[in-house]
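This report covers an interface, a nonpolar core and a sheet. The sequence and structure come first.

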Amino acid sequence: MERYRLAEDADLISAIATGKEDALGVLYDRYSRQCFSFAMRILNVEGDAEEAVQETFVRVWRSARQYDVTRAGAISWILSITRNLCLDELRRRRRRAPEMPMLDDAPERAGEDRTDLEAERKIMGEQVRAALKSLPSEQRSALELVYFHGLTSQEVGQLLSVPAPTVRSRLRLGLLKLGGIMQEKGLIAID
Amino acid sequence: MTEHEHPVDFLPELALGVLPAAEAAPIRQHMATCQPCRAEYEEMARVAQLLPLAAEEIEPTPAARERLFERLRDEPGRGVVAQAPIGGPDEPIVVSKESAEGKIVRPVRWRWMGAIAASAAAILVGGAALGYAFRGADDERLKDENARQALVVEAAGRGDLRVAVGVSGGMRASVVRAPGSKEAFVWVEGMPALVEGKRYQAWFTKDGKTFEPSTVFANGQGGLWLPARDAVDSYAAMGLTIEDEGGATEPSSAPFVVVDLTKSVRIR
């Protein structure tokens, strides 16, 4: 596994596509925490989140040949798989027992030793969370319900008793405001 | 939507990935020629990409990692690594999982029958595969694609097309055929990773004991045509295995996906 430790993500995925389990192990070690955190944020149940992460990496294993580095960074690709799986699980839960999505943050746990990259990611995470918290509550709720719970504007509107166009307007204002904050903090570059 | 109507209210849902494809299509079309909308969407998409970071970092348990690799051990395609080792000559070349572990390999036909039975429970039927039937395919054997598509289109026009779907894990194969035709169109997705020198191969069987080889192909996602010796209607199942590049005359293992052709439904 050592030979892959310093490999670029795209090279890892190429190696996975040729059946190299060690490469998958390195990719898992690199991103499973981020995937799990993301899954927990959406599902809020540890067992379900672990299952989503496992399924994510099984799909990476199966679909590595289809990964197109020019279309998305590896972590974006992996997290999009995680998100789709989590939203599917949420939909299954809603069919079983409709419930009000929770907007509270997932519980925080002490992290282990971090590499520089992980520390940087943690700082970015704090900045993103701070940016989200700085939004007016109605914009933040709309964004969280749509992004982390996979609801449409129509569904959010029903939940919050406001018309769907109002939800869309809140989403737009919220995203544009977040974009401005993230640009100020150097998290994204706006053309 | 006219060129003067800017769908700005729908851009957030598109960027956040919750807009249904049917609603997304005209918006993407609009953005192709509308720079302001495109710029706003791209900004929102960049923001959306960072949203996963808003989750507090939590470590999965070490047992989760172990379970993942345990599960991969049962994945089809695993252990058929025949590629020159990247790491040097000390890396073992495993020809097959079973032979490497010294397990007794049961006769293929019994494993096929089991797989067919297991697959029958997971058969999904529906019209969704029809949409796949008209997408492009890249197999070398697709020389008369237009004529073949015409046959399918003609059958579709008569309401005679039949589809059967086999699923296994995240893998899926949808077989579309016209009555009496000696060819079927199959759309595959989520197939296991291939190593160098290996290919997928399709097989038809009438009894689960004898197998007729069909197309050998490389793409784990896409569509291709499967020629058969007899009318496809006369076969009980189609299965996919992983074989050497040139294809095989007998399947070397149980299929990782089986489509039960007796459970087809008509597409109207």
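## Core, sheet and interface

Setting aside neighbours within four places in sequence, B:Val259 contacts B:Ala164, B:Val165, B:Gly166, B:Ala173, B:Val175, B:Ala237 and B:Met238 (contact: C-beta atoms, placed from the backbone, within 7 Å). The model is predicted, with local features needing pLDDT of at least 70 and side-chain atom pairs pLDDT 80 or more, while totals for chains, interfaces and linings use all residues. Residues are numbered from 1 along each chain as its sequence is written, and chains are lettered from A and ligands numbered from 1 in the order in which they are written.

B:Val259 is also among the residues that touch the most other members of the largest nonpolar core, which has 106 residues; the others are A:Ile16, A:Ala39, A:Val146, B:Val175, B:Val186 and B:Met238. H2(A) gives the largest share of this core, 13 residues. Such a core is a set of buried Ala, Val, Leu, Ile, Met, Phe, Trp, Tyr and Cys residues joined through C-beta atoms within 7 Å, buried meaning 20 or more other C-beta atoms within 10 Å of the residue's own.

In chain B, 5 strands form an open antiparallel sheet in the order E6-E3-E2-E1-E9. Its edge strands are E6 (222-227) and E9 (265-266) of chain B. E1 (residues 162-168) of chain B is joined to E9(B) by 2 bridges, and B:Arg162 stands opposite B:Arg266. Strands are DSSP E runs of at least two residues, helices H or I runs of at least four; pairing needs at least two DSSP bridges.

The contact between the chains is listed below.

| Item | Residues |
|---|---|
| Chain A side | 61 residues |
| Chain B side | 50 residues |

On the side of chain A that touches chain B, H2(A) supplies the largest share, 10 residues.

Key:
Contact = placed C-beta atoms within 7 Å. Buried ≥ 20, exposed ≤ 12 C-beta atoms within 10 Å, placed from the backbone.
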